[in-house]
Amino acid sequence: MKSYVYSRAPINIALIKYWGKKDEKEVLPYQPSISLSLDVFETHTTIKRIEGPFEFTINGLKDEDMAKQVKHFLKNFTHGNLDQISVATTNSGPTAAGLASSASGYAALATAANAFFETKFTLSKLSEITRKGSGSAIRSLLPNCVKWDVDGLIYPIEWSFPKAKMGIIIVSDKKKKISSREAMKISILTSPLYDHWVKQSFKDAKHFETFNDKHQFSELGELIEQNALLMHQVCETSSPKIQFLTDISYQIIHHIQDKRKQKTYEAYVTMDAGPNVKVLCLKDDMQTIEKDLKQLGHDIIWSNIDQKGAVILNEV
Ligand code: PMV
């Protein structure tokens, strides 16, 4: 066992979404998903030996519920007592607001634990463990563009758009009312669109790879926007209704779609389990988009595609 390990992991935003577990225990998804890892809002995690009982802090504060989850997760790496271990994690973005903090969080934790307990798990074993923390976290283990397939494993995709940028418009940074874990269970059981969604996701993942290979940005953009909107339709037709998008989210979405139709700029939207809107565009349009959204009363946080993935920054 090491005495100190420090890791970092990126958030990832799915362009083809995961929404449903076929196998709850193993966390195997009903559909393939494809994401981009981003270099904003990353998580940094430290595991170290201390005198005294197990300690866990997130952004400098104790959180008993999360401490239990983290302790349970660490059992994947050691059968030993977890006393005299401290885990401190810092998210540089909002926590649990549909901005992938659990993805970067579990990827950073799994990577740190693998080094701290010297388990030397391969990427496929580490993937198996990480996805049990949070499904989408598996994609934060790798940089750039990543596919999480229905076999449970991750595959790097060669992203064809070096000029692509993602922007995040924060509509609300409050903690979401329902976890994605609970929400997707409800969708599987109650949404009349669920079967259609699964079939469509397979087609979308295939088309994504084709458009990416052929460098067809506009086609890829339309595809990812439709994929996200269908996921939200699945949520909104669930019973009870799951409403992540607010009136403000829809106002932004429609505004961006209008600007695209008017050829003011080319941007496509994607949204996760929260009201925030993410935009995919090319570098040349950044300034126009930023100015236009400012007029609408919104700031946009730009991000590059992450090139590092989940890594150890320091260990002793
Ligand atoms: O991994 P979870 O349980 O946080 O679910 C994430 C689900 C979405 O963010 C909505 C889609 C995705 O593929 O990331």
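1. Let's start with the second largest pocket, whose volume comes out at about 320 Å³. It is lined by 17 residues, and Lys 176, Lys 177, Ile 178, Gln 243 and Phe 244 are the closest to its centre. Sorted by class, that lining holds eight nonpolar, four polar and five charged residues. Keep in mind that this is a predicted model.

2. Now the ligand. Which residues come nearest to it? Tyr 18, Ser 134, Ser 136, Arg 139 and Ser 180 do, out of 14 residues around the ligand. By class, this shell has six nonpolar, five polar and three charged residues.

3. A few polar contacts are worth a look when you open the site. Ser 136 puts a polar side-chain atom 2.7 Å from an oxygen atom of the ligand. For Ser 180, an N or O atom of the side chain is 3.1 Å from a ligand oxygen. Gly 135 comes in through its backbone instead, with an N or O atom lying 3.4 Å from an oxygen atom of the ligand. How much of the ligand does the protein cover? The figure is 90% of the 380 Å² of accessible area that the ligand has on its own.

4. On to the aromatics. Searching the whole structure turns up eleven aromatic pairs. One of them is Phe 77 with Phe 121, a tilted pair at 5.7 Å centre to centre and 45 degrees between the planes. Phe 77 sits in the loop between α1 (64–74) and β7 (85–91), while Phe 121 sits in the loop between α2 (101–116) and α3 (123–133), so the pair ties together parts that are 44 residues apart in sequence.

5. Two backbone details deserve a check by eye. As background, most residues other than glycine have a negative phi, and most peptide bonds are trans. Lys 120 is not a glycine, yet its phi is positive, at about 55 degrees. You'll find Lys 120 in the loop between α2 and α3, the loop that also holds Phe 121 of the aromatic pair above.

6. The other detail is a peptide bond: is the one from Ser 239 to Pro 240 cis or trans? It is cis, with omega near 0 degrees. Pro 240 belongs to the loop between α6 (217–236) and α7 (247–261).

Technical notes. Residues are numbered from 1 along each chain as its sequence is written. This is a predicted model: local features need pLDDT of at least 70, side-chain atom pairs count only at pLDDT 80 or more; totals for chains, interfaces and linings use all residues. Side-chain values use heavy atoms; hydrogens and water are left out. On a 1 Å grid over the protein atoms alone, a cavity is a set of points where a 1.4 Å probe fits but cannot get out, and a pocket is an open set with protein on both sides within 12 Å along at least five of seven lines; lining residues have an atom within 4 Å of a point. Grid points are joined across faces, edges and corners, and a volume is the space filled by probe spheres set on the points. Ala, Val, Leu, Ile, Met, Phe, Trp, Tyr, Cys and Pro count as nonpolar, Asp, Glu, Lys and Arg as charged, and the others, Gly among them, as polar. A residue is near a molecule or strand if one of its heavy atoms lies within 4 Å of it. A polar contact is a pair of N or O atoms within 3.5 Å; within protein, one must be able to donate a hydrogen and the other to accept it, and residues adjacent in sequence count only if both atoms are side-chain atoms. Accessible areas come from the Shrake-Rupley method with a 1.4 Å probe; for residues, only the protein chains shown count as cover. Rings of Phe, Tyr and Trp (its six-membered ring) pair if their centres lie within 6.5 Å; planes under 30 degrees apart count as stacked, over 60 as edge-to-face and the rest as tilted. Helices (H or I, at least four residues) and strands (E, at least two) are DSSP runs, numbered from the N terminus.
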